Amino acid sequence: MLELVVKLVLLAAAFAVLPLLVGQTEHKVMAHMQARLGPMYAGAFHGWAQLVADGVKFVQKEDVVPRAADRRIFKLAPAVALVPYLIVLVVVPIGPDGQVVLDLRVGLFFALAVMGVGVIGAIMAGWASANKYALLGGMRVAAQLMSYELPMVLAAASAAMAAGTLSLTGIVEEWRWWWLPWQAIGAVVFFVAGLAELRRPPFDMPVADSEIVFGPYTEYGGLRFALFLLAEYAGIVVLSALTTVLFLGGWKGPFLETELGWLWTLLKVFALSFVVIWLRVSYPRLREDQLQRLAWAWLVPLSLLQLALTGVVKVAMA
Amino acid sequence: MTAQEVVFTLLGAVAVGSAILVVTTRQLVHAALWLVVSFGALAGAYLLLTAEFVAWVQVLIYVGAVVVLLLFGIMLTRAPIGRMPRGGPDDPLDSGNRWAALAVALATAGVLITTLVHGFSDAVIDLKAEGGGAEPLGASLFRTWVLPFEVLSVLLLAALIGAIVLSRTDIGPRDREGRR
């Protein structure tokens, strides 16, 4: 019992700190990639407290709900967007020998199912705002989720097939270094589809600020808007963690796996988060038709190819 | 009643209650969101019956995809945000078929309950912790029930092809000589 409480406290701490770290990294990495400095003043040393200052500002802002909005749904939406990502982290193992809050036998399906729920928050926001830009954004969110959920689940299924288990801890235990080339296609498909599900650039059609203001979040301000931003960063952490666990061997590293397993996991998560930020700076936004074409003409066939490859290798080895 | 039975009854009440709200609410989007609650309660009931795999697939497919599809469909309509005005004969949320729908729903429920009570009222299944996991489910699905499974997949494939044909306006019927 005490162990579970300690784990839950650690999880809450990780959920409070990791998204903010990713957010701060995004500020600084983007800035340096664009030959500027980024935040430099808050907290004195290279603006490390910028997001804390942002948070204080968001909390003080007026709490506005548009008159025509569906009030209850409007207020509920940020929570629906944020909480699922916290729940997913419950089943993500960070180290060997039970360094996970809850080791579910069907952990993979749990993670994918709960992650999909978060998208409903954005759709609720888009609908309840009573704003045409928000509505357009909400529709784009829904269309995007429907096309990218399939390749994501198929790619994850390939990792589960290779390991012969649906438990996330079990998948990492089965992982060997040669999975990297074997599951490479699946890893790329999973990561790209996950980016699209998080609506991160270059898949940020739903929030395209140059055409529909900020999509579903247009009418939001203050703390609720901050919660949506936090949900985006938490989503990056969750996607990076899932990719790490499924395809990059989780806590496995070159040495000291038992003692430093959590460190390897965190390192991989941050490396992937860096890639997420890097992609945002590098690629222009995909148009709606390009987005759908990428999903149906590339990612779905590629994930099916990966499934076939996994099956063939699995049977050949058995 | 054991604790499990109490929780199961509560989940059932939530599922039925939210399902009734789905068809009685005056706000279209709320109907879809109540459906989320209903599906969630159903998933909880599956969990209590140790059918973990079915429970999470229920959330993944129904909450994550079917409801999103429904919401997408609603957004394409002219449904107003907020309450629909309650207007006499041309009430947009009313339909002449409501009594027929009610009759069909009650009849379906009657058939299902009768079958369950007559066929399985004295059948007791011993729930084991691993009983509804992915492994026993996969084994029985692909050994004992493989034929119905494949028949279902053919049915779904036919529906998929049908949807493609319906949405492709450039595929027309053949003329007399068999040309397009």
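Residues are numbered from 1 along each chain as its sequence is written, and chains are lettered from A and ligands numbered from 1 in the order in which they are written. Because the model is predicted, local features need pLDDT of at least 70 and side-chain atom pairs count only at pLDDT 80 or more, whereas totals for chains, interfaces and linings use all residues.

Helices (H or I, at least four residues) and strands (E, at least two) are DSSP runs, numbered from the N terminus.

Within chain A, the axes of helix H1 (residues 2-33) and helix H10 (residues 222-247) come within 8 Å and cross at roughly 95°. Axes are lines fitted to C-alpha atoms, for helices over the stretch in contact, and angles run from 0 to 180 degrees between N-to-C directions. H1(A) and H10(A) are therefore roughly perpendicular to each other (65 to 115 degrees; under 35 counts as roughly parallel, over 145 as roughly antiparallel and the rest as oblique). On the H1(A) side, A:Phe15, A:Leu18, A:Pro19, A:Val22 and A:Gly23 meet A:Leu230, A:Tyr233, A:Ala234, A:Ile236 and A:Val237 of H10(A). Contact requires C-beta atoms, placed from the backbone, within 7 Å. The residues of this contact comprise nine nonpolar, one polar and no charged (Ala, Val, Leu, Ile, Met, Phe, Trp, Tyr, Cys and Pro are nonpolar, Asp, Glu, Lys and Arg charged, and the others, Gly among them, polar).

The contact between the chains takes 25 residues from chain A and 21 residues from chain B. On the chain B side, H2 and H3 are the elements that give two or more residues, and H3(B) gives the most, with 15 residues. By class, this side of chain B has 17 nonpolar, three polar and one charged residues.

Most residues other than glycine have a negative phi, and most peptide bonds are trans. A:Ala130, in the loop between helix H4 (107-128) and helix H5 (132-163) of chain A, has a positive phi of about 55°. B:Thr50, in the loop between helix H2 (28-48) and helix H3 (52-75) of chain B, has a positive phi of about 65°. A:Ala130 counts as partly exposed, with 18 C-beta neighbours inside 10 Å, and B:Thr50 counts as partly exposed with 17 (buried means 20 or more other C-beta atoms within 10 Å, exposed 12 or fewer, partly exposed in between, with C-beta atoms placed from the backbone). The peptide bond from A:Pro201 to A:Pro202 is cis, with omega near 5°.

Definitions and conventions:
Contact = placed C-beta atoms within 7 Å.
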